Amino acid sequence: MALGLIVKTGRILTAKLLLGQAVDGITHCAIGDGDASFTDPQNPPAPDIGQTGLRNERARKRYYKRTFLKEDAEGALLVNGVRYLETGEETNTIGVFFRFDEAEANGITIREYGFFGGDVQYVQSVTGDLAMGGVFHQDTNPTGEVLRPGYLYEVKNIPDFNKISDTRVELVGIIKI
């Protein structure tokens, strides 16, 4: 499967971090069902380097774990044919882990996902790690639970995957510096 695309805002987020600016790294993962350009369920369109958000965000979740990783043939984490092992030693590879549990984000046909950082903020009524309905906008999306989306770091479009109540979706961002 093809790698995700690090978009322009992802590069800006990285630059801010390297400059030591007070901004959070990757903290959230959003899933969406795409837009009218997603016509073939098995062959999604390519993401655009200028994207600042998903084409149609439906749910967003805060990470549950961030850790250093190292390649290891016996590692439990398998991503794109490479096995990784979590490690306490500092490496040039990190993993950011997100989980949409069985009771979360059901009924969504996932066609796109993205990793966000920076100043992500949910609307005041959301007290947990999950926000539904996309980015809040007074006129066009008053039920969206994401107040500030932050910086889109990486986006990936995938063949249709239907999230249902007996399915847990685990997404892991692997970042090699």
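**Salt bridges and cores**

Modeller: Let me begin with E89, which is partly exposed, with a relative accessible area of 43%; buried means under 20% relative accessible area, exposed over 50%, and partly exposed in between, using a 1.4 Å probe and protein chains only. Please keep in mind that this is a predicted model, in which local features need pLDDT of at least 70 and side-chain atom pairs count only at pLDDT 80 or more, while totals for chains, interfaces and linings use all residues. Residues are numbered from 1 along each chain as its sequence is written, and side-chain values use heavy atoms, with hydrogens and water left out.

Colleague: OK, and which side chain does E89 meet in a salt bridge?

Modeller: E89 meets K70, at 3.7 Å from N to O, where a salt bridge is a side-chain nitrogen of Lys or Arg within 4 Å of a carboxyl oxygen of Asp or Glu. E89 lies in the loop between β6 (82-87) and β7, whereas K70 belongs to strand β4 (residues 65-71), so the pair ties together parts that are 19 residues apart in sequence. Strands here are DSSP runs of E, at least two residues long, numbered from the N terminus. K70 is partly exposed as well, with a relative accessible area of 31%.

Colleague: How many salt bridges are there in the whole structure?

Modeller: The search finds 11. One of them joins E57 and R60, whose closest N and O atoms are 2.8 Å apart.

Colleague: Are E57 and R60 buried or exposed?

Modeller: Both E57 and R60 are buried.

Colleague: And what does R148 pair with?

Modeller: The side chain of R148 meets that of D119 in a salt bridge, at 3.6 Å from N to O. R148 is in strand β11 (residues 146-148) and D119 in the loop between β8 and β9 (121-122), so this pair ties together parts that are 29 residues apart in sequence.

Colleague: Switching topic: which residues touch the most other members of the largest nonpolar core?

Modeller: Among its 19 residues, those are I26, C29, I31, F100, Y113 and L171; a nonpolar core is a set of buried Ala, Val, Leu, Ile, Met, Phe, Trp, Tyr and Cys residues joined through side-chain atoms within 4.5 Å. β8 gives the most to this core, with four residues.

Colleague: What does C29 touch?

Modeller: Leaving aside residues up to four places away in sequence, the contacts of C29 (heavy atoms within 4.5 Å) include A59, R60, F98, F100, Y113 and L171.
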